[in-house]
Amino acid sequence: MTFDPHVFLRDCWQKRPLLIRGLFPALANPLEPDELAGLACEEGVEARIIRHAGAELVTEHGPFAEDRFGTLGPEPWTLLVNAVDHHVPDVSALIDTFRFIPNWRIDDVMVSYATDHGGVGPHFDQYDVFLIQGLGRRLWQVGEVCDETTALLPNPDLRLLANFKPVQEWVLEPGDVLYVPPGIAHNGVAVGDDCMTYSVGFRAPSQDELLAGWAEHLVDESASDRRYADPALALQANPGEISAESIDDLHAMVTEKLLDRQAFARWFGQYSSAPKNPEIDWSPDVAITAAALRKLVSEPASVLRNPASRFSFVRESPVRRTPVRARRFDD
C-alpha cells in the first residue's frame, strides 16, 4: 500500500492502530543480533532482559556480562535496548521516514531481540509508537483502550494487563510497520527465533512534568525580591480568615510568571531539545582543530549531526508586527 502521511495524521494519529505492509520494502536489518547484545553489555546503555520463568515474566537490568546470553536456557526471552539510534547511524536513519511528526515529539528507537515465543507481555504505553519489523516475524495483537483504571498484574517491573482481549492481530514480516496510539493494549510475540523489532517512540510530556519543569526553571532563573504587600489592608471580622482579596493577590504573584508565554516557549525549546542521556559524553575522541574544520568546509563535504542531538525551533510571536524570526535550540 502507499503510505500517505496526510491521510495517516487525519485518520489514525492518536486515534486507531494501523498496519502498514511493506513500508520499508527493501529493508536490510540495520543491526545484527550480536551487535545489539554487545551494546547491552556497555556502561551507560539502558538494557533489559525479560525472560519467561514458567507463567511469570522476570526482568533483569543491564549492563550484562558477555556470557549472560549463552546461559539464558531454552525458555523464551527478549532483549530490549533503549536509544539505539544514538549509537548506530543506520538505526537512526529509520526515523527519517517519520519526520512528518515534529522533531520535538521524537523520543528514541528501542530495539528488541526475541527468541521463539519471546515477548514482554500484553501492556499499554503512554506514547505513540511505530513498530518496524527488521528481522524474523512477530505476531502483534491489539486490544481495547486502557487508562489508569485498567487492572494490572502484580509485577514489580512490568505493567502487564490483567485482562487482555485482542480484537485484531497480524503477523509482521521484515519491512512491515504497525502503528499503535497511546493507551491501546497490545502484545507482541516472536514467531521463530532471531526476531528483531525497531520501536520508534514519540514522547508526550505529562501535565505534571511540564508544571514541575517550568516552575523549577522559574525559581532557578528568578532574581526578584518582590514580596507580598497589602497597603489597603482593612479590618476583618475574624483575624483567622485569609481573605479572598489576599488570595487573589497571592495567586496573581504566582501566575503572572507562569503565564509568560514567550518565556515558556524559550524554556520548552531548551527542555525538549535536551539530550536524552545528558550524562553521556558524546564528544569525539579526538577534537577537531579550527584549521581542520576550515579545510573541511572549504571543500564539498557531508555534515552529519550527532544522533544524540535534538534540534527544534520556536517562531517568535508576530503580534509585534515585526519580521518573524526563528530561535534555534539544540544541545
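Thr78 stands opposite Ala114 of strand 5, within a predicted model in which local features need pLDDT of at least 70, side-chain atom pairs count only at pLDDT 80 or more, and totals for chains, interfaces and linings use all residues. Residues are numbered from 1 along each chain as its sequence is written, and side-chain values use heavy atoms, with hydrogens and water left out. Strands (E, at least two residues) and helices (H or I, at least four) are DSSP runs numbered from the N terminus.

Strand 4 pairs with strand 5 in the antiparallel sense over four bridges, where pairing requires that DSSP finds at least two bridges between two strands. Strand 2 and strand 4 are likewise paired in the antiparallel sense, over five bridges, and Trp77 of strand 4 is the bridge partner of Arg51. In a regular strand, side chains alternate between the two faces of the sheet. In strand 4, Trp77, Leu79 and Val81 on one side and Thr78 and Leu80 on the other are all buried, buried meaning under 20% relative accessible area, exposed over 50% and partly exposed in between, with a 1.4 Å probe and protein chains only.

The buried residues of helix 2 (residues 33-40) are Pro33, Leu36, Ala37, Leu39 and Ala40. Because they cover an arc of only 155 degrees around the axis, they lie on the same side of helix 2, the arc being that of the directions from the helix axis to the C-beta atoms. These buried residues pack against strand 2 (47-53), strand 4 (77-81), strand 5 (106-114), strand 6 (128-145) and strand 9 (184-202), contact meaning heavy atoms within 4.5 Å.
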